[in-house]
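Hi,

Here is the structure I promised to pass on.

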Amino acid sequence: MKFIADRMLGKLAKLLRILGFDTLYSNRIDFKELLRVAREKGRIILTKNTLIKKKVGKHRFLFINDNDPKKQLKEIITNLSLEIEPDKIFTRCLLCNNKLKEIQREDAGGKVPDYIFESHRDFSFCDKCERIFWKGTHHKHMLTVLKECFPCGSHHRYVTTQAQSGKGT
Ligand SMILES: [Zn+2]
């Protein structure tokens, strides 16, 4: 499932990218352009624009009600029955949506702050932004978000291994 988010939904777009969902977003894209791209690329429109029902016609969209990005994420997950795949979390650049490449730890040396290099093992690289990412703060932040989206411990299903899923907590 691929998405395109409207100008109001920048934070939501980042959350979706962190989870590994292909999500286009630009704060410069106008509504007409948004519709065009969605139609041509077969993307689901995520929008807070109430005019969409009249304009979109047949192709698919999801109207987002909430203003809080985490609750918006929950709306999408619920409405579209999205499945979060643990393997895909942190595989996309949260700034540009490009797929990240895993890089060797040594290759990150000198390119990230020393304290980050010393305290992290997994690094990945966006060749579009030329930025290096590591599973530090974003990783922890995302797990917190998932916890909030799936209370009662059901988030374990999404963040633990297959072998542990379905057995409860
Ligand atoms: Zn990037």
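To start with the sheet: in what order do the 3 strands of the open sheet come, and is their pairing parallel or antiparallel? The order is β5-β6-β7, and the pairing is antiparallel. Keep in mind as you read on that this is a predicted model.

The edges of that sheet are β5 (101–103) and β7 (131–134). Each of them has a single partner strand, so one side of each is left without a neighbour in the sheet. If you look at how the strands lie, neighbours in this sheet are turned by 40 degrees against each other on average, ignoring direction. Strand β6, residues 123–126, is joined to β7 by 4 bridges, and the two run antiparallel. If you want a pair to click on, take Phe 123, whose bridge partner in β7 is Trp 134.

Now for the chain as a whole. You'll find 8 helices and 7 strands in it. Of its 169 residues, 22% count as buried. Taking the contacts between residues at least 6 apart in sequence, 48% join residues that are at least 24 apart.

Next, the largest nonpolar core. It has 27 residues, and those touching the most other members are Ile 4, Ala 5, Leu 9, Leu 12 and Leu 46. Which elements give two or more residues to this core? They are the strands β1 (3–5), β2 (23–25) and β3 (44–47), along with the helices α1 (10–18), α2 (31–41), α4 (69–79) and α7 (137–149). The largest share comes from α1, with 5 residues.

Leaving aside neighbours within four places in sequence, Ala 5 is in contact with Leu 12, Ala 13, Thr 23, Tyr 25 and Leu 46. Two of these, Leu 12 and Leu 46, are also on the list of core residues that touch the most other members.

Last, a helix pair: α1 and α4. Two packed helices are described by the angle between their axes and the distance between the axes. Here the axes of α1 and α4 come within 9 Å and cross at roughly 60 degrees. Angles from 65 to 115 degrees would count as roughly perpendicular and those under 35 as roughly parallel, and α1 and α4 are therefore oblique to each other. The crossing of α1 past α4 is right-handed. On the α1 side, Lys 11, Leu 12 and Leu 15 meet Pro 69, Gln 72 and Leu 73 of α4.

Cheers

Conventions. Residues are numbered from 1 along each chain as its sequence is written. This is a predicted model: local features need pLDDT of at least 70, side-chain atom pairs count only at pLDDT 80 or more; totals for chains, interfaces and linings use all residues. Two strands pair if DSSP finds at least two bridges between them. Axes are lines fitted to C-alpha atoms, for helices over the stretch in contact, and angles run from 0 to 180 degrees between N-to-C directions. A nonpolar core is a set of buried Ala, Val, Leu, Ile, Met, Phe, Trp, Tyr and Cys residues joined through C-beta atoms within 7 Å. A residue is buried if 20 or more other C-beta atoms lie within 10 Å of its own, exposed if 12 or fewer, and partly exposed in between; C-beta atoms are placed from the backbone. Two residues are in contact if their C-beta atoms, placed from the backbone, lie within 7 Å. Angles under 35 degrees count as roughly parallel, over 145 as roughly antiparallel, 65 to 115 as roughly perpendicular and the rest as oblique. A crossing is left-handed if the near helix is turned anticlockwise from the far one by less than a right angle, and right-handed if clockwise.
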